[in-house]
Amino acid sequence: MRDTVEILGVKIDKVTEEQALEIAKGFLKGDKVAKIYTPNPEIIMAAREDSDFKKILNDADLCTADGIGVVYGAKILKNPVPCRVAGFDLTCNLLDYMKDTEDSVFLFGAKPGVAKIAKQKLMEKYPGLKVAGTNDGYFSKGDIPAIVEKINNSGAKLLLVCLGMKKQEQWIAEYQSELKTVKLCMGVGGTLDVFAGDVKRAPKIFIKLNLEWFYRLMKQPSRIGRFAALPKFVIAVFKSKKGMKK
């Protein structure tokens, strides 16, 4: 039985990093295609305005709190999650586990060439890791059958779908039934860009102080519009709390 907190209609699992990893490892051994999403405040606000997207998120087998804003949101609702479980960190922990198994991963998303660079760097970082294949995130509707066939022919157990917010979750929801060997799909946004070295992760001190968002804003001031979702998110959570009390 999942233990979740509902934040603006989106169910977030109350798990630690260790628990999330164990659940993900279990999915790799399952008999169906499991789905892991990692909502941050921006994603939750988007789901608030899009009922279909909200339904997709709530159909996940695991939704972790990716973003300190989600952690604070749960605290505001007096139903806290143990900690932040970032999609990037969960992915790294899972790949570290997989390097000692026969299971392989398929990298799907990002600009042309990025996934291939990420593949090489991941195999260097995790000796023994099997990267079964790659495909960039620039495709048309007509390309999808060939992409699905490519994934199936690779024999991958883990599929990292990095197409950006909403698009990646929608892709997984629509095509999961066509996947033959994949046991776990994860929608993890810009993870491949970080693996490839195109985007730098915040220094550990920023992550420890829950200021990764501030570091990213300093590096990419153009993202200010996206970060504007955070105060709107907090206000919306407070309003939803008041609504629950009535």
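Mentor: Ground rules before we start: the model is predicted, local features need pLDDT of at least 70, side-chain atom pairs count only at pLDDT 80 or more, and totals for chains, interfaces and linings use all residues. Residues are numbered from 1 along each chain as its sequence is written, and side-chain values use heavy atoms, leaving out hydrogens and water.

Trainee: Okay, what makes Lys-25 and Glu-22 a salt bridge?

Mentor: The rule wants a side-chain nitrogen of Lys or Arg within 4 Å of a carboxyl oxygen of Asp or Glu. Here the N to O distance is 3.0 Å, so the pair passes. By this rule the count comes to 12 salt bridges.

Trainee: Where do Lys-25 and Glu-22 lie?

Mentor: Both are in helix H1, residues 17–28, and they are 3 residues apart, about one turn of the helix. Helices here are DSSP runs of H or I with at least four residues, strands are E runs of at least two, and numbering starts from the N terminus.

Trainee: Why is Lys-25 called buried, and what does Glu-22 count as?

Mentor: Buried means under 20% relative accessible area, exposed means over 50%, and partly exposed is in between (1.4 Å probe, protein chains only). Lys-25 has 17%, so it is buried. Glu-22 has 47%, so it counts as partly exposed.

Trainee: How do you know that Lys-35 and Asp-59 form a salt bridge?

Mentor: Their closest N and O atoms are 3.6 Å apart, so they meet the cut-off too. Lys-35 lies in strand S3 (residues 34–37) and Asp-59 in the loop between helix H3 (51–58) and strand S4 (62–63), so the pair ties together parts that are 24 residues apart in sequence. Lys-35 is buried because its relative accessible area is 5%, whereas Asp-59, at 46%, counts as partly exposed. Lys-35 and Asp-59 also belong to a network of salt bridges with Lys-32 and Asp-61.

Trainee: What about Arg-84 and Asp-66: which parts of the chain does that pair link?

Mentor: Arg-84 forms a salt bridge with Asp-66, with 3.5 Å between the closest N and O atoms. Arg-84 is in the loop between helix H4 (68–76) and helix H5 (87–98), while Asp-66 is in the loop between S4 and H4, 18 residues apart. Asp-66 has a relative accessible area of 16%, so it is buried.

Trainee: What makes Leu-8 and Lys-78 worth a look?

Mentor: Their backbone angles. Most residues other than glycine have a negative phi. Leu-8, though, has a positive phi near 50°, and Lys-78 has a positive one near 60°. Leu-8 is in the loop between strand S1 (4–7) and strand S2 (10–13), and Lys-78 is in the loop between H4 and H5. Leu-8 is at 11%, so it is buried; Lys-78 is at 67%, so it counts as exposed.

Trainee: Now the rings. Why is the pair Phe-88 and Phe-195 called tilted?

Mentor: Rings of Phe, Tyr and Trp (its six-membered ring) pair if their centres lie within 6.5 Å; planes under 30 degrees apart count as stacked, over 60 as edge-to-face and the rest as tilted. The structure holds 4 aromatic pairs. For Phe-88 and Phe-195 the centres are 5.2 Å apart and the planes are at 40°, so the pair is tilted. Phe-88 lies in helix H5 and Phe-195 in helix H9 (residues 191–196), so the pair ties together parts 107 residues apart in sequence. Phe-88 is buried at 15%, and Phe-195 is buried at 8%.

Trainee: What kind of pair do Trp-171 and Tyr-175 make?

Mentor: Their centres are 5.1 Å apart and their planes are at 40°, so this pair is tilted. Trp-171 and Tyr-175 both lie in helix H8 (residues 167–175), 4 residues apart, and both are buried. Ring pairs also link them with Phe-108 and Phe-139 into a cluster.

Trainee: How do you know that the charged end of Lys-167 sits over the ring of Phe-139?

Mentor: The test asks for NZ of Lys or CZ of Arg within 6 Å of the ring centre and within 35 degrees of the ring normal. The charged end of Lys-167 is 4.8 Å from the centre of the Phe-139 ring, and it sits over that ring.
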